[in-house]
Amino acid sequence: MGREFIDLFDHWAESYDNTVIGHDIEYKEVFEGYDRILDEVASKVNGTIIEFGVGTGNLSKKLLEKGNHVIGIEPSKEMRAIAKKKFPHLKIYDGDFLSLPEFNEKIDAIVSTWAFHHLTDDEKNLAIEKYSHLLEKGAKIVFADTVYENLEAKHAIIENAKRKGFKNLVDDLNREYYTFIEVLRTIFTNHRFEVQFKQLNKFVWLIDAVKQ
Ligand SMILES: C[S@@+](CC[C@H](N)C(=O)[O-])C[C@H]1O[C@@H](n2cnc3c(N)ncnc32)[C@H](O)[C@@H]1O
């Protein structure tokens, strides 16, 4: 489930690292502060960490450098191949937010960047319910992803992209399942997480949740 965008990522994999450093003008603001955002996510977790949507492994690298044990989950074959080439010791499974292997070890945190919006809101709810069973009290979920503050902000962002003639970005914003802060607050709270939000750039918010 939530795998409907995998072909797109198989095709994007080769040029993905150029996009995040601003080579694609349409996505420049989406990835603004990319490195700083990965650092912020990595600074909030430690121990044994599941990372969903590893992509080319840029967040994994930061987590590994801090001495964490990283279990990567990535559904795109091409993305997995690039991440493996860059970081041969990184463990990466073929899976997704809703299908992951069984682990015997205690999981301290779950992280993800620029990926949770590939799930519909119903699927997001199922995923957080699943993680609520997997994580013990005090364990964390830290995501950074495009989220809208409210409906007005959504309209303003899409109108702005249209005015600039950013067709690919507008199609993406209309196609994928970017949600609202209040939807996420309800989902996390219902599954016994205390959650905080912080805006990191025009598109991306930090979602910082602790299991109660
Ligand atoms: C925009 S990239 C982000 C990659 C990386 N996390 C980063 O911050 O650079 C989105 C990633 O999410 C992955 N993805 C797409 N659907 C997914 C799903 N249902 N579950 C987990 N990952 C998914 C894609 O294959 C891709 O690698």
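# Exercises on helix packing, sheet order and ligand shell

The axes of helix 3 (residues 34-43) and helix 4 come within 9 Å and cross at roughly 45°. Axes here are lines fitted to C-alpha atoms, for helices over the stretch in contact, and angles run from 0 to 180 degrees between N-to-C directions. Helices (H or I, at least four residues) and strands (E, at least two) are DSSP runs, numbered from the N terminus. The model is predicted: local features need pLDDT of at least 70, side-chain atom pairs count only at pLDDT 80 or more, and totals for chains, interfaces and linings use all residues. Residue numbers start from 1 along each chain as its sequence is written.

## Exercise 1

Describe the packing of helix 3 and helix 4.

Step 1. Angles under 35 degrees count as roughly parallel, over 145 as roughly antiparallel, 65 to 115 as roughly perpendicular and the rest as oblique. Helix 3 and helix 4 are therefore oblique to each other.

Step 2. Their crossing is right-handed. A crossing has this hand if the near helix is turned clockwise from the far one by less than a right angle, and is left-handed if anticlockwise.

Step 3. Helix 3 contributes Leu38, Asp39, Val41 and Ala42 to the contact, and helix 4 contributes Asn58, Leu59, Lys62 and Leu63. Two residues are in contact if their C-beta atoms, placed from the backbone, lie within 7 Å.

Step 4. By class, this contact has five nonpolar residues, one polar and two charged. Ala, Val, Leu, Ile, Met, Phe, Trp, Tyr, Cys and Pro count as nonpolar, Asp, Glu, Lys and Arg as charged, and the others, Gly among them, as polar.

## Exercise 2

Describe the packing of helix 7 and helix 8.

Step 1. The axes of helix 7 (residues 151-163) and helix 8 (residues 167-175) come within 8 Å, with a crossing angle of roughly 155°. That makes the two helices roughly antiparallel.

Step 2. Helix 7 passes helix 8 in a left-handed crossing. Ile158, Ala161 and Lys162 of helix 7 meet Leu169, Val170 and Leu173 of helix 8. Five residues of this contact are nonpolar, none is polar and one is charged.

## Exercise 3

Which strands stand at the edges of the sheet?

Step 1. The open sheet has seven strands in the order 3-2-1-4-5-7-6, with mixed pairing. Strand 3 (91-93) and strand 6 each have a single partner strand and stand at the edges, so one side of each is left without a neighbour in the sheet. Neighbouring strands are turned by 20° against each other on average, direction ignored.

Step 2. Strand 1 (residues 48-52) and strand 2 (residues 69-73) pair in the parallel sense over five bridges; two strands pair if DSSP finds at least two bridges between them. Isoleucine 50 has isoleucine 71 in strand 2 as its bridge partner.

Step 3. Strand 6 (residues 193-199) and strand 7 (residues 204-211) are antiparallel over seven bridges and form a hairpin with four residues between them. Opposite phenylalanine 197 stands isoleucine 207 of strand 7.

Step 4. Strand 5 also pairs with strand 7 in the antiparallel sense, over seven bridges. Lysine 140 has valine 210 in strand 7 as its bridge partner.

## Exercise 4

How many residues surround the ligand?

Step 1. The ligand is surrounded by 21 residues (C-beta atom, placed from the backbone, within 6 Å). The closest are Gly2, Gly53, Gly55, Asp96 and Thr113.

Step 2. Eleven residues of the shell are nonpolar, seven polar and three charged. Helix 1 (6-12) and helix 4 (58-65) each supply at least two residues.
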